[in-house]
Amino acid sequence: MNARVSSLLLLLACLLPFARAALDPTAQFTEANRLYEQGKFAEAEPYYRQAIEALAQPPGAHDADLATVLENYAALLADAGRPAEARAAEERAGALRGRL
């Protein structure tokens with residue numbers, strides 16, 4: 001193996017834990033909550049959205065976790081002055097909880 005390929009493999013090995021964390025809905029949710037608690041609503045929102053998207057697939061597989069993320073996301077939206085969006089997230093969470 002040449003030096004260039006070895007260097008690339010080493011770089012990939014170093015980045016893999018970060019890539020896994022970026023795709024992990026629990027890590028996304030944790031970061032969203034951390035930012036939300038600091039009042040950084042705009043920064044937290046993409047993390048909530050990514051966690052919601054990840055937990056929604058496949059449908060029904062993670063309903064309890066998805067409902068929890070949606071409830072926290074609804075709180076963020078309410079605190080950010082977006083009550084209609086907050087209600088929609090709360091309703092989606094309630095519908096999921098009703099199926100559990």
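Leaving aside residues up to four places away in sequence, Ala-86 touches Ala-74, Leu-77 and Ala-78 (contact means heavy atoms within 4.5 Å). The model is a predicted one, in which local features need pLDDT of at least 70, side-chain atom pairs count only at pLDDT 80 or more, and totals for chains, interfaces and linings use all residues. Residues are numbered from 1 along each chain as its sequence is written, and side-chain values use heavy atoms, with hydrogens and water left out.

Ala-86 sits in helix H5; helices (H or I, at least four residues) and strands (E, at least two) are DSSP runs, numbered from the N terminus. With a relative accessibility of 3%, Ala-86 counts as buried (buried is under 20% relative accessible area, exposed over 50%, partly exposed in between, with a 1.4 Å probe and protein chains only). Between Ala-86 and Ala-74, 12 residues apart in sequence, the C-alpha to C-alpha distance is 4.2 Å.

Zooming out, the chain holds 5 helices and 0 strands, giving the pattern α-α-α-α-α when read along the sequence. Of its 100 residues, 27% are buried. Taking contacts between residues at least 6 apart in sequence, 48% join residues at least 24 apart.

An α-helix has 3.6 residues a turn, so residues three or four places apart point the same way. Just past the end of H4, Gly-81 has a positive phi of about 80 degrees.

Now for the neighbours of H4. Two packed helices are described by the angle between their axes and the distance between the axes. Axes are lines fitted to C-alpha atoms, for helices over the stretch in contact, and angles run from 0 to 180 degrees between N-to-C directions. H4 and H5 cross at roughly 160 degrees, with axes that come within 8 Å. That makes H4 roughly antiparallel to H5 (angles under 35 degrees count as roughly parallel, over 145 as roughly antiparallel, 65 to 115 as roughly perpendicular and the rest as oblique). The crossing of H4 and H5 is left-handed, a label for a near helix turned anticlockwise from the far one by less than a right angle, right-handed being clockwise. On the H4 side, the residues that meet H5 include Ala-67, Leu-70, Ala-74 and Ala-78, and their partners in H5 include Ala-86, Ala-89, Ala-93 and Leu-96. The residues of the contact of H4 with H5 split into 12 nonpolar, 1 polar and 7 charged (Ala, Val, Leu, Ile, Met, Phe, Trp, Tyr, Cys and Pro count as nonpolar, Asp, Glu, Lys and Arg as charged, and the others, Gly among them, as polar).

H3 (residues 41–55) packs against H4 (residues 63–79) at about 155 degrees, with the axes 10 Å apart. H3 is thus roughly antiparallel to H4, and H3 passes H4 in a left-handed crossing. Among the H3 residues that meet H4 are Phe-41, Tyr-48, Ile-52 and Leu-55, and the H4 residues involved include Leu-66, Val-69, Tyr-73 and Leu-76. By class, the contact of H3 with H4 has 12 nonpolar, 1 polar and 4 charged residues.

Ala-42, also part of H3, is exposed, with a relative accessible area of 65%. Its C-alpha is separated by 8.6 Å from that of Ala-80, 38 residues apart along the chain.

On to H2 and H3, whose axes come within 8 Å and cross at roughly 155 degrees. The two helices are therefore roughly antiparallel to each other, and H2 passes H3 in a left-handed crossing. Phe-29, Ala-32, Leu-35 and Tyr-36 are among the H2 residues that meet H3, where the partners include Phe-41, Ala-44, Tyr-48 and Ala-51. In the contact of H2 with H3, 12 residues are nonpolar, 3 polar and 2 charged.

One backbone detail remains. Most residues other than glycine have a negative phi, and most peptide bonds are trans. Pro-58 lies in the loop between H3 and H4, and the peptide bond from Gln-57 to Pro-58 is cis, with omega near -10 degrees.
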